[in-house]
Amino acid sequence: MPFDVAPFRLSGTVYGTLLNYRDALEALGTSVHEAPYKAPPKSVVLYVKPRNTLAGSGDAVEVPADAAELEVGPSLGLVIGRTACRVSEAEALDHVAGCVIVADVSVSHASFYRPQVRFKAGDGFCPIGPRVVSLDALGDLGRLAIRVQVDGRMVHESSTAGWIRSPARLLAEVTDFMTLAPGDILMTGVPHGAPRVRAGQRSAIEIDGLGRLENRFVANAEAAS
Amino acid sequence: MKRARVAYAGAVHEATPHADGTRLRLADGRIVAEDAVVWLPPFEVGTVVALGLNYADHAKELAFNAQQEPLVFLKGAGALIGHRGQTRRPADATFMHYECELAVVIGRRARRVARADAMDHVAGYTVANDYAIRDYLENWYRPNLRVKNRDTCTVLGPWLVDAADVAGPPALDLRTLVNGVVTQRGNTRDLIFDIPFLIEYLSGFMTLSPGDVILTGTPEGVVDVKPGDEVVCEIDGIGRLVNTIVDDAVFGRA
């Protein structure tokens with residue numbers, strides 16, 4: 001996806017952040033203390049959305065034959081604009097080119113212990129768009145409303161106010177062990193209760209100031225393209 | 001045929017072994033010593049797919065039962081370094097270990113490829129050393145990236161060896177030496193999920209593209225390594241990948 005602020009294109013490495021919304025963590029209840037987890041997450045837990053998952057607004061996403069439905073997790077993505085290595089919380093946002101809507105598409109999985117990578121890494125499982133918006137156009141990142149519609153019906157409303165770690169805090173913790181390069185995207189988590197879709201349905205995610213990311217879900221992507 | 005990517009005299013070059021067996025020949029004809037260049041990962045790396053517990057002996061070592069489906073995780077390109085590089089051991093780590101692995105490099109787009117055709121999609125092989133710092137392991141989306149996707153902790157190289165030069169699927173002895181002492185041994189014939197299976201399995205849900213690489217897992221024999229240690233991962237016919245462990249001070253950390 002090209003965009004009009006540096007670094008002008010995605011590098012292809014998109015990282016997701018697990019359980020960065022209070023409601024998502026709270027929904028696990030006391031199970032976080034029990035096997036197999038034994039303790040709540042201490043550090044930031046990340047996952048990779050590889051390049052085969054990337055898709056744009058308007059693209060069709062194939063529902064795998066062995067999955068009845070997919071989850072569409074709305075997430076605000078931080079697009080890295082400058083090499084970010086060991087950044088402090090105070091200077092973290094200076095390394096962000098802007099924000100973009102990311103649909104973190106997954107095959108539903110109840111266990112977060114060691115989920116199969118195919119649940120998160122199917123072709124087209126990471127639609128991004130419609131545009132990257134610079135931070136100065138967005139105001140307070142921690143007060144943006146998020147809405148998800150399926151087939152035109154509002155099915156999920158949330159807000160970035162539910163974040164556990166702010167973008168600055170996330171970047172400080174992540175870049176302590178992992179350098180983020182211009183064009184990388186770090187997702188800031190998905191709120192609890194991500195909507196589910198079946199083949200034949202359409203999703204639309206809106207985040208205040210970032211526009212609307214629309215996708216459709218199909219049983220066979222080659223037939224649909 | 002085997003190729004490396006090296007930085008030398010202000011540019012990045014493709015290099016091949018020189019006939020004298022020690023030096024390198026750059027594509028432009030210059031002959032240079034192997035320690036006069038900076039070795040980079042030997043190809044433009046796309047998606048990095050890694051296998052956990054893909055040798056029966058290592059699975060036993062870590063007290064795992066044999067699994068039905070491969071344990072796959074993904075890594076980002078930022079963790080990669082080349083041959084003769086430095087890998088940082090954080091001061092608070094108590095167990096940091098190497099993992100010598102055969103890396104399979106994809107050369108042709110693979111989508112829903114059958115096992116019988118899988119090897120047609122392999123460009124070649126290189127050696128990987130996929131470090132882990134077990135202190136940081138948490139039971140969420142294991143192995144969490146703080147254990148497995150750290151800067152400098154995925155070493156690739158020195159050579160990309162053409163698939164045509166390796167009878168495949170490969171059955172090659174591999175070993176790791178720490179300061180010259182062999183600490184890990186195995187043979188790639190003992191993979192629980194072999195290369196054709198992995199390509200069939202992965203391409204069933206994710207399209208593999210040229211430059212994507214599959215790190216096929218490591219056998220038993222992982223030991224703690226400390227700053228100053230030289231760690232050499234060798235696979236017969238593929239390469240000898242050298243790496244040095246350094247401490248926080250090298251990276252300007254207190």
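Two strands count as paired if DSSP finds at least two bridges between them. Helices (H or I, at least four residues) and strands (E, at least two) are DSSP runs, numbered from the N terminus.

The model is predicted: local features need pLDDT of at least 70 and side-chain atom pairs count only at pLDDT 80 or more, while totals for chains, interfaces and linings use all residues. Residues are numbered from 1 along each chain as its sequence is written, and chains are lettered from A and ligands numbered from 1 in the order in which they are written.

**Exercise 1. Strand β12 of chain A**

Task: Find which residue stands opposite R147(A) in β12(A), and state how β12(A) pairs with β13(A).

Solution:
- Step 1. Strand β8 (residues 145–150) of chain A is joined to β12(A) by five bridges, and the two run antiparallel. In this pairing R147(A) faces E206(A).
- Step 2. Strand β13 (residues 211–218) of chain A also pairs with β12(A) in the antiparallel sense, over six bridges. Here S203(A) has N215(A) as its bridge partner.
- Step 3. The hairpin of β12(A) and β13(A) has three residues between the strands, and G209(A) takes a positive phi near 85° there.
- Step 4. A residue is buried if 20 or more other C-beta atoms lie within 10 Å of its own, exposed if 12 or fewer, and partly exposed in between, with C-beta atoms placed from the backbone. Of the six residues of β12 (residues 202–207) of chain A, five are buried, so the strand is largely enclosed by the rest of the structure.

**Exercise 2. Chain A as a whole**

Task: Describe the secondary structure of chain A and compare its radius of gyration with the globule rule.

Solution:
- Step 1. Chain A has three helices and 13 strands.
- Step 2. The radius of gyration is taken over C-alpha atoms, and the globule rule is 2.2 Å times the number of residues to the power 0.38. Chain A has a radius of gyration of 17 Å, close to the 17 Å that the rule gives for 225 residues, so it is as compact as a globular protein of that length.
- Step 3. The C-alpha trace of chain A spans about 45 × 45 × 30 Å along its principal axes.
- Step 4. Buried residues make up 47% of the 225 in chain A.

**Exercise 3. The open sheet of chain B**

Task: Give the strand order of the five-strand open sheet in chain B and name its edge strands.

Solution:
- Step 1. The order is β9-β19-β18-β15-β16 (chain B), with mixed pairing.
- Step 2. β9 (85–88) and β16 (181–187) of chain B are the edge strands, as each pairs on one side only.
- Step 3. From one strand to the next the twist averages 25°, with axes as lines fitted to C-alpha atoms, for helices over the stretch in contact, and angles running from 0 to 180 degrees between N-to-C directions.
- Step 4. Strands β18 (residues 230–235) and β19 (residues 239–246) of chain B are antiparallel and share six bridges. E230(B) lies opposite T244(B) in β19(B).

**Exercise 4. Chain B against chain A**

Task: Which element gives the largest share of the side of chain B that touches chain A?

Solution:
- Step 1. Two residues are in contact if their C-beta atoms, placed from the backbone, lie within 7 Å. On this basis 26 residues of chain B contact 31 residues of chain A.
- Step 2. The elements of chain B that give two or more residues to this side are β7 (71–75) and α2 (145–148). The largest share, five residues, is from β7(B).
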